[in-house]
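Here are my notes on this one, point by point. Have it open while you read.

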Amino acid sequence: MSHLTDLPLWAAIPVCLLLLSGSMITLIGSIGLIRLKNFYKRLHAPTLGASAGVILICLASMLCFAVLQSRWIFHEVLIIVFIILTTPVTLMLLGQSALYRDRIEGTDGVPLKAKPISPKADETDI
Amino acid sequence: MRYWFPYPLLSFALMLFWLLINQSLSPAQILLGAALGISHAWLMVNLRPAKTSMKKAWLIGRLIGRVAADVVRSNISVMGIILRSRNRPVTSGFVPIDITLQDENALALLACILTATPGTAWLEFDSQTRVLLLHVLDVENGSAWAELIKTRYEAPLKELFE
């Protein structure tokens with residue numbers, strides 16, 4: 001394992017910029033989680049970290065270790081791909097459970113369910 | 001051919017995945033990856049996923065470019081909204097959209113796109129009425145958002161898959 005101090009300056013600057021901007025975006029997303037006022041608004045804040053944050057941090061890691069080990073490194077791409085593929089699942093689960101709760105409690109401003117065509121139509125998928 | 005290789009694209013993707021996590025392009029790893037890809041495609045047959053064929057695969061490049069640009073733009077705008085949210089209250093709202101896409105995989109791709117762009121959250125899709133309920137963080141007027149998503153993502157996906 002090579003040391004990080006071996007990283008030449010021309011590579012260290014872009015790696016730092018990518019890493020810092022990625023972590024800044026994730027941090028702003030987490031701040032949003034505190035500042036925004038209701039559940040549905042809060043759903044949007046962590047997606048900052050799940051899209052731009054992950055992409056920038058993984059790019060920084062790819063660049064850093066590619067230069068240190070002087071070979072091409074691509075397996076971080078898999079992290080990006082799998083995070084983008086799996087976040088919709090969690091998001092939909094959270095969103096649907098929030099909708100279900102708010103409809104039962106009759107909270108204002110929550111759209112009601114569209115008229116079902118058949119009695120069994122109240123199951124939703126995708 | 002179809003019997004031995006039920007999902008060629010899935011097999012190829014699995015092989016690519018195997019080579020990426022092993023970080024090697026040696027013939028032995030390629031052979032092992034190919035064997036794993038083909039055998040796992042057989043397991044997939046039992047799950048019976050919806051078959052999709054891309055009619056115009058070259059259009060995917062244009063779609064990826066458009067999504068990448070939108071991810072950057074929406075990240076910046078959502079960051080601005082969060083940082084300014086102390087002084088300026090956020091007006092967010094629900095937007096119902098009539099979806100005419102029929103293909104399940106195209107819908108899944110649409111869900112990934114809408115989730116990857118911050119500011120839009122996919123809440124609910126009713127497969128009977130085909131209405132998608134979206135929550136938009138900075139909603140100015142709902143019908144414009146619905147129109148935007150229909151023309152910007154749904155139309156290219158429809159062209160790509162149907």
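1. Helices here (H or I, at least four residues) and strands (E, at least two) are DSSP runs, numbered from the N terminus. Going along the sequence, chain A reads α-α-α, with 3 helices and 0 strands in its secondary structure.

2. Bear in mind that this is a predicted model: local features need pLDDT of at least 70, side-chain atom pairs count only at pLDDT 80 or more, and totals for chains, interfaces and linings use all residues. Residues are numbered from 1 along each chain as its sequence is written, while chains are lettered from A and ligands numbered from 1 in the order in which they are written.

3. Now the helix pair in chain A. The axes of H1 (residues 9-35) and H2 (residues 39-68) of chain A come within 8 Å and cross at roughly 165 degrees. H1(A) and H2(A) are therefore roughly antiparallel to each other (the angle is over 145).

4. What kinds of residue make up that contact? By class, H1(A) with H2(A) has 19 nonpolar, 8 polar and 1 charged residues.

5. Of chain A contacts (C-beta atoms within 7 Å) between residues at least 6 apart in sequence, 58% join residues at least 24 apart.

6. Chain B is split into domain 1 (8-47) and domain 2 (59-161), with bounds from an automatic or database domain assignment. The C-alpha centres of these two domains of chain B lie 33 Å apart.

Conventions. Axes are lines fitted to C-alpha atoms, for helices over the stretch in contact, and angles run from 0 to 180 degrees between N-to-C directions. Angles under 35 degrees count as roughly parallel, over 145 as roughly antiparallel, 65 to 115 as roughly perpendicular and the rest as oblique. Ala, Val, Leu, Ile, Met, Phe, Trp, Tyr, Cys and Pro count as nonpolar, Asp, Glu, Lys and Arg as charged, and the others, Gly among them, as polar. Two residues are in contact if their C-beta atoms, placed from the backbone, lie within 7 Å.
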